Amino acid sequence: MFWCAWAWLPEGPCQDVLFEVESGRITAVRRGEAPGGARRLPGLVLPGLANAHSHAFHRALRGDSARGTFWTWRERMYRVAERLDPDGYYLLARGVYAAMVQAGITGVGEFHYLHHAPGGSRYRDPNAMSHALAHAARDAGIRLTLLDTCYLTGGFGRELDPVQRRFSDGDASRWGERAESFTATGVLTGAAVHSVRAVPGEAIEEVAGWARDREVPLHLHLSEQRAENEACLAAHGRTPTQLLAERGALGDDVTAVHATHLAARDVALLGGSGTGVCLCPTTEADLADGIGPAGALAVAGSPLSLGSDGHSVIDVLAEAQAVESYQRLATETRGHHAPGELLAMATAHAALGHPDAGRLEVGARADLVAVDLDSTRLAGVAPEAVPAVARAADVREVIVDGRTVVVDGAHTDIDTARELRESITALRT
């Protein structure tokens, strides 16, 4: 049993709430004073947060402040990718996932395309890198949706660059065979199309069909860069969103990541099909991508989720607040998303194939995140405003599927800072 002075129930913040938990699920929600034997959680308890878009190995690039564009940054990212093997990736990802849990994140979608050895040869276990991520997530205590990513070309009509060969299975059929062969306890395997520039149209259809046959999430990068849109128009005479629509890769089982540079007709296609959009505003700012039309997408009917993507920041609450801040800067008006709407974005586990998470109600997964209302940042802030103000540093305790993983702000099993320092240093030496 967990008793909370404040808890964010479906109707909003409520006082004196008791959760009964069995087998990782909430079995009862009661109001009143704490009974004997109940564990008291501090501050305001929120549902577990969802990180719908992660590239774990990008964490090694934090602090890169070199002048340039997304495309020059990508070259540095490729150099990191070249140096990773399953053992090194396990250590790095374990630190990254532990940092996520400390930030209140209970479920992560790993957009995973680092499949093979440098040069493209397969490991003895073709899913060795996937297993490294699964083991890291298990040890860190976070729920993993592995979005196994198809990556076939170096651009429209272009062969893969040498560094990209380890990302590719050669064709969509072989991608599907390898993805199908991966299993790991507690991991949901979904699918991803890296982008319209990296997966030809026929293969997009095949990947989308694979995901739908298995009723698992399908994610894809979409219109992160203007150059991608221009190249797609030149190659196909249509925008990336229009190309995806023609290939049957939009719908309420699909999440488009970034969607930064959209025409009005693209917004209408995404919203009208119920396609979700995962916004990653701190990464989009770090990479100078631009500001996406979050408000227009929400009005059009696209469910919004959030991701930490390149991990310039691992803080889903900060991502939610950045969505609102950037819309204010773009429109010169305030109040686009109420705090409850920001929390809904931050707890969108449905994008990860877990619609039973992200709510504190009977039958839901027992993911509880206690935020310190007495911190300097939150002192005097009304509970209903917390999603618009709180940050990862305010998280004190985290329970994932009924298991306590963070106490007093620290991971119970992992020295997160040491893990990150040692694994990243090893990549640089």
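Predicted model: local features only at pLDDT ≥ 70, side-chain atom pairs only at ≥ 80, totals over all residues.
Which are the buried residues of α13?

**View 1. The buried residues of helix α13.** Thr416, Glu419, Leu420, Ser423, Ile424 and Leu427 are the buried residues of α13. Seen down the axis of the helix, these residues fall within an arc of 110 degrees, so they line one face of α13. An α-helix has 3.6 residues a turn, so residues three or four places apart point the same way. The face turned away from the buried side carries the exposed residues Arg421 and Arg428.

**View 2. The span of helix α13.** Helix α13 comprises 13 residues, 416-428. At 1.5 Å a residue, the helix should span 18 Å, and its end C-alpha atoms are 19 Å apart, which agrees.

**View 3. The cover over α13 and its packing with α2.** The buried residues of α13 are covered by elements including α1 (70-83), α2 (86-102) and β16 (410-411). Of these, α2 packs with α13 at an angle of about 145 degrees, with the two axes 8 Å apart. The crossing of α2 and α13 is left-handed. On the α2 side, the contact is made by Leu91, Leu92, Arg94, Gly95, Val96, Ala98, Ala99 and Gln102; on the α13 side, by Thr416, Glu419, Leu420, Ser423, Ile424 and Leu427. By class, this contact has eight nonpolar, four polar and two charged residues.

**View 4. Ala235 in helix α6.** Ala235 lies in helix α6, residues 226-236. Its relative accessibility is 44%, and Ala235 therefore counts as partly exposed. Ala235 and Ala179 are 56 residues apart in sequence, and their C-alpha atoms are 29 Å apart in space.

Technical notes
Residues numbered from 1 in each chain as written. Heavy atoms only, no water. Helix = DSSP H or I, 4+ residues; strand = E, 2+ residues; numbered from the N terminus. Expected span 1.5 Å × (residues − 1). Buried < 20%, exposed > 50% of the residue type's maximum accessible area, 1.4 Å probe, protein only. Arc of directions from axis to C-beta. Contact = heavy atoms within 4.5 Å. Axes fitted to C-alpha atoms, helices over the stretch in contact; angles between N-to-C directions. Left-handed = near helix turned anticlockwise from the far one by under 90°. Nonpolar A, V, L, I, M, F, W, Y, C, P; charged D, E, K, R; others polar.
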